[in-house]
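Okay, thanks for making time, everyone. I'd like to walk you through one structure today and stop at a few residues along the way. Let me put it up on the screen.

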Amino acid sequence: MNNNIHTGTTLLRARLYESLLAVADFNGDRYPDWLLNVSDDPPLYSIWDMHNNVYKGVGDGRGRYFPFVGATDFNRDGTADILLYYSSRRQTAIWYMNDNVPVASAGGPSIPSGYNLFAP
């Protein structure tokens with residue numbers, strides 16, 4: 001898309017069991033990358049490094065019991081990070097990302113009973 005005008009189409013094939021979870025800039029190159037769900041039990045995520053709609057590489061990470069909730073730049077370093085939420089323990093976690101690799105993680109606040117965590 002360019003100013004709401006379709007300028008072309010690129011076809012990429014994900015594995016049949018992958019679903020798109022988020023589109024965010026995980027490597028700071030100002031191009032949106034794709035976060036895909038590979039497996040639910042245990043959670044396994046794959047980040048496709050995209051550059052102008054061209055697939056450049058992949059990184060995989062396991063979420064253990066923490067399913068994906070959202071992606072944004074929590075630490076303001078120019079790359080998107082991943083928010084996870086383990087609902088049965090009501091515990092949140094953040095993966096701080098650099099390119100398609102988690103470089104640090106932090107436990108976030110517990111969500112009070114009666115509330116759920118979700119991202120739009």
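Predicted model: local features only at pLDDT ≥ 70, side-chain atom pairs only at ≥ 80, totals over all residues.

Okay, let me zoom out for a moment. What's the protein built from? It has eight strands and zero helices. If you read from the N terminus, the elements run β-β-β-β-β-β-β-β. There are 120 residues in the protein, and buried ones make up 35% of them. The exposed surface comes to about 8,000 Å², with carbon and sulfur atoms supplying 50% of it. As for contacts, take those between residues at least 6 apart in sequence: 26% of them join residues at least 24 apart.

Start with Asp-25, which lies in the loop between E1 and E2. Asp-25 is buried yet has no salt bridge. Which side chain of opposite charge is nearest to Asp-25, then? That would be Arg-30, 6.9 Å away. What does the side chain of Asp-25 reach instead? Backbone nitrogens: that of Gly-28 at 2.9 Å, and that of Arg-30 at 2.8 Å.

While we're on Arg-30, have a look at its backbone. Phi of Arg-30 is near 70°, a positive value in a residue other than glycine. Arg-30 is in the loop between strand E1, residues 19-24, and E2. Its relative accessible area is 77%, so Arg-30 is exposed.

The other aspartate is Asp-81, found in strand E6, residues 81-86. Asp-81 is also buried yet without a salt bridge, and the nearest side chain of opposite charge, Arg-76, is 9.4 Å away. Which backbone nitrogens does the side chain of Asp-81 reach? One belongs to Phe-74, at 2.9 Å, and another to Met-97, at 2.9 Å. Asp-81 has quite a list of neighbours, again not counting residues up to four places away in sequence. Among them are Phe-26, Gly-70, Ala-71 and Thr-72, and then Ile-94, Trp-95 and Tyr-96.

And what about Arg-76? Arg-76 lies in the loop between strand E5, residues 68-72, and E6. Its phi is near 55°, a positive value in a residue other than glycine. With 77% relative accessibility, Arg-76 counts as exposed.

How many aromatic pairs does a search of the whole structure find? One. That pair is Trp-34 with Trp-48, and it's stacked: 5.8 Å centre to centre, with 15° between the planes. The pair links distant parts of the chain, 14 residues apart: Trp-34 is in strand E2, residues 33-40, and Trp-48 is in strand E3, residues 43-51. Trp-48 is buried, with a relative accessible area of 8%, whereas Trp-34 counts as partly exposed at 27%.

Last stop, Phe-118. Phe-118 lies in the segment after strand E8, which covers 101-110. Is Phe-118 buried or exposed? It's at 68% relative accessibility, and the cut-off for exposed is over 50%, so Phe-118 counts as exposed. Phe-118 and Leu-83 are 35 residues apart in sequence, and C-alpha to C-alpha they are 9.7 Å apart in space.

How values were computed:
Residues numbered from 1 in each chain as written. Heavy atoms only, no water. Helix = DSSP H or I, 4+ residues; strand = E, 2+ residues; numbered from the N terminus. Buried < 20%, exposed > 50% of the residue type's maximum accessible area, 1.4 Å probe, protein only. Phe/Tyr/Trp six-rings, centres within 6.5 Å; stacked < 30°, edge-to-face > 60°. Lys, Arg positive; Asp, Glu negative; His and termini not counted. Salt bridge = Lys/Arg side-chain N within 4 Å of Asp/Glu carboxyl O. Polar contact = N/O pair within 3.5 Å; in protein donor to acceptor, adjacent residues only side chain to side chain. Contact = heavy atoms within 4.5 Å. Areas by Shrake-Rupley, 256 points an atom, 1.4 Å probe, with all protein chains shown as cover.
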